[in-house]
Amino acid sequence: MISIKDNLELIREKIIAAEKKAGRPENSVKLMAVSKFHPQSDVVTAIECNQFLFGENRVQEAVEKFEPIIQENSSIELHMIGHLQKNKVKSIVKAAQCIQSVDSLELVQEIEKQCAKINKNINILFELHTAEDSKSGFASASEIDEVLKLMTENQFPHVIPKGFMTMAPFVSDENLIRKSFRELRETKEMLLNKYPQFDLSELSMGMSGDFEIAIEEGSTLVRVGTAIFGERNY
Ligand SMILES: *Cc1c(COP(=O)(O)O)cnc(C)c1O
């Protein structure tokens, strides 16, 4: 039997150790629990262990699992982390506080449209494609730059840019993983300098297998699923 409570405690300890090792202040890295493919009861267990930030990668599953929980407990924060189709935007903007997987201008336009309808502001992260294994993400920093430029013209008043997200390659070569995280950090530094009017400080990178490396490379938010909830049955 896996214990979500024990797993959460262990991951929190490892995060603190990694922050220390990297010379970063304690609590500079947020822990997101990725509950995709795991039942609502597991989410409830995690909440009982003071876990309030969750990630899901499929809209229907996320909405069904989280809408009742969020209604009861306003401190729960749900982020969308999986590739998002335009026709699903309407459902997810109601439930989520942040969409981390923004990967095109068209998606930003649709998010603006749906948020305007319900008069809600939503946070987004720009997903950057940094590794071959992943299919999603903006292909380059310059494409993100173009969206930010439109944001300075106030084209998307309900969409609040908060930073960047990436997935490292699923390889054992640590150097390749680091390279991917560094690319995201350098993109953040470049665009943060160019657009000081936005708070682009969030760096969402690191998963069960590589979150300690990600913290060394500057991650501010790690997305951990398997190491908390166990293996997923797809
Ligand atoms: C599933 C998923 C995670 C969590 O992966 P684990 O290896 O189970 O920790 C993190 N980020 C994204 C985008 C995911 O889809």
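This note covers the fold and the ligand site of a predicted model.

1. Basis. The model is predicted: local features need pLDDT of at least 70, side-chain atom pairs need 80 or more, and totals for chains, interfaces and linings use all residues. Numbering runs from 1 along each chain as its sequence is written, and side-chain values use heavy atoms, without hydrogens or water.

2. Overall fold. The protein chain has nine helices and eight strands (DSSP runs: H or I of at least four residues, E of at least two). Its radius of gyration is 17 Å, which agrees with the value near 17 Å for a compact globule of 234 residues (C-alpha atoms; rule 2.2 Å times the number of residues to the power 0.38). The C-alpha atoms fill a box of roughly 50 × 40 × 30 Å along the principal axes.

3. Ligand shell. Residues around the ligand include Val 34, Lys 36, Ile 81, Met 167 and Arg 232 (a heavy atom within 4 Å). The shell divides into five nonpolar, three polar and three charged residues (Gly counts as polar; Lys and Arg as charged; Val, Ile and Met as nonpolar).

4. Polar contacts (N or O pairs within 3.5 Å). Side-chain polar atoms of Ser 208 and Thr 226 each lie 2.5 Å from a ligand oxygen. A polar backbone atom of Gly 225 is 2.8 Å from a ligand oxygen. Taken alone, the ligand exposes 380 Å², and the protein buries 92% of that (Shrake-Rupley, 1.4 Å probe).

Note on methods:
A polar contact is a pair of N or O atoms within 3.5 Å; within protein, one must be able to donate a hydrogen and the other to accept it, and residues adjacent in sequence count only if both atoms are side-chain atoms.
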